[in-house]
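Okay, thanks everyone, I'll keep this short.

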Amino acid sequence: MENGIDENGNSDGRLNNYAFASVLAASMISAVFGYVIAVMSGVLVFVKEDLHINDLQVQLLAGMLHICALPGCMAAGRTSDYKGRRVTIILSCIIFSLGSILMAYGPSYLIVMIGNCILGVAVGFALIIAPLYSAEISPPSYRGFLTSLPELSINIGLLFGYVSNFVFEKLSLKLGWRIMVVLPVLPSLCLIILMLKLVESPRWLVMQGRVGQARKVLLLISNTREEAEQRLKEIKGDVGINEKCIQDIVEVPKKTRSGAGALKELFCKPSPPVRRILIAAIGVHAFLQIGGIGAILLYGPRIFERTGITNKSKLMLTTVGIGATKVIFSFISIFFLDKVGRRVLFVVSAGGMVVTFLGLGICMTIMEYSSENAVWPISFTIVVIYILVAFMTIGIGPATWVYSAEILPLRFRAQGLAVCVTVNRITNVIVLTGFISVYKKITMGGTFFLFAAINVLAFWFYCTLPETKGRSLEDMETVFGKKSQLEIQTKPHSNK
């Protein structure tokens, strides 16, 4: 420990209030995203009845929200490198507002679909920029806590979405779902005002050669001047600026400023540590979605309906329980990420999901082959789904975003994260658009057994990941390089 700073850039252990406020404000965009995802579970039920559409059109409407997130992800990665993290958050708020207004107006399926697609682009922006900004603002000792705030905000948004379904379901059919989808406009406008007052990411400022501005930001989000200077030194080294340089404005290559060529470097000739980072970052996002939680969140009312709950008000109320479970356990998880570490939470979470999906599969299979109208499957399914959501929310949910945002090196962090989230959205679209068709082919119970098998694979994958808690962002290639070097040393050498 030197000048109150340890080798990983941690200071006296206090949480910096300005860093906390900045991340908390930026996390509002995640809350808007969570609200949109949750409210769609009810909106799909009401839109189907109001616009007289079939199951295929419902699946398409659900899927297009996530399909349109794909170009949104890639555009967000380039925009955040070119124009900055703060501007990208503001732009995502504007897109959310436009999509919400158009969808609420929607007199026809076509207009609703167009508004839904615009919302999808905004979803892509929100998924990238909130964890990216949070990771780059946070000090190493609190990065798990602060970078998980967007995930907590998503879950708070989910809860509000489910509550909105329950409350506005009581209005007329044509009015209720339209109020549900227009509500995100208000927090989006509030966040635009807030972001005009908050700081830019110091790492992005250094990438632009604006070292003096980055120093001022780091003094605000660090507890001591020594901590700020240590973090600045590490960032300059990562960007390729001489660590002893004291100029406020430094000329950096255009390629560094705009992020040009980042994807080529990431995929064409990555070093062994970077290759392992890429596999880890993409892998955690893929398993997050193919593990089945998206289907539970979106089609929760339909799953509960299969157990015998037919009253719409009761269906919406059971989904409120899902939202409340996610908020409670995501709040708990933010204190565990920096204490027990990312890998432990990944492993425990995946193990719990295997057991709960097996329980759901057995329950649904018994129901599908039973002629009796028993009451117990309703209570059992509700309780087990809440436990399933709790296991996912305390580990895989927040840890995926924290882990992927922190392990990617600065020179391609934004666009690398965009690739990860693109994989996230593609796998999510596959699950959401195929869920109804799959369970009609192999039964609901069979579908849950399939999700259990996928989570067994996820459990094995998470066991192979290196731990990153307490390490600086600039130190991640070293963390992953240790495993790569160990693999090289343990390979058998042929005798010549």
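Let me start with a term: by a nonpolar core I mean a set of buried Ala, Val, Leu, Ile, Met, Phe, Trp, Tyr and Cys residues joined through side-chain atoms within 4.5 Å. Buried here is under 20% relative accessible area, exposed is over 50%, and partly exposed is in between, with a 1.4 Å probe and protein chains only.

Now the caveats. This is a predicted model, where local features need pLDDT of at least 70 and side-chain atom pairs count only at pLDDT 80 or more, while totals for chains, interfaces and linings use all residues. Residues are numbered from 1 along each chain as its sequence is written, and side-chain values use heavy atoms, with hydrogens and water left out.

So, the core. The largest nonpolar core has 148 residues, and those with the most contacts inside it are Val43, Phe96, Ile296, Phe357, Phe448 and Tyr462. Helix α23, residues 413–463, gives the most to this core, 18 residues. Helices, by the way, are DSSP runs of H or I, at least four residues, numbered from the N terminus.

Take Phe357. Setting aside neighbours within four places in sequence, Phe357 is in contact (heavy atoms within 4.5 Å) with residues including Ile296, Leu388, Phe448 and Phe451.

Next, Thr356, which sits in helix α20, residues 342–368. Is Thr356 buried or exposed? Buried, because its relative accessible area is 6%. Beyond four places in sequence, Thr356 contacts Val384, Ile387, Leu388 and Phe391.

Over to Ser188, in helix α10, residues 185–195. Ser188 counts as buried because its relative accessibility is 0%. A polar atom of the Ser188 side chain lies 2.8 Å from the backbone oxygen of Pro184. Again not counting residues up to four places away, Ser188 touches Val32, Cys93, Phe96 and Ser97.

Last stop, the largest pocket. On a 1 Å grid over the protein atoms alone, a pocket is an open set of points where a 1.4 Å probe fits, with protein on both sides within 12 Å along at least five of seven lines; lining residues have an atom within 4 Å of a point. Its volume, the space filled by probe spheres set on the points, is about 300 Å³. There are 14 lining residues, with Val45, Lys48, Pro301, Arg302 and Glu305 nearest the centre. Which helix supplies the largest share of that lining? That's α2, with four residues.

That's it from me.

Conventions:
Helix = DSSP H or I, 4+ residues; strand = E, 2+ residues; numbered from the N terminus. Polar contact = N/O pair within 3.5 Å; in protein donor to acceptor, adjacent residues only side chain to side chain.
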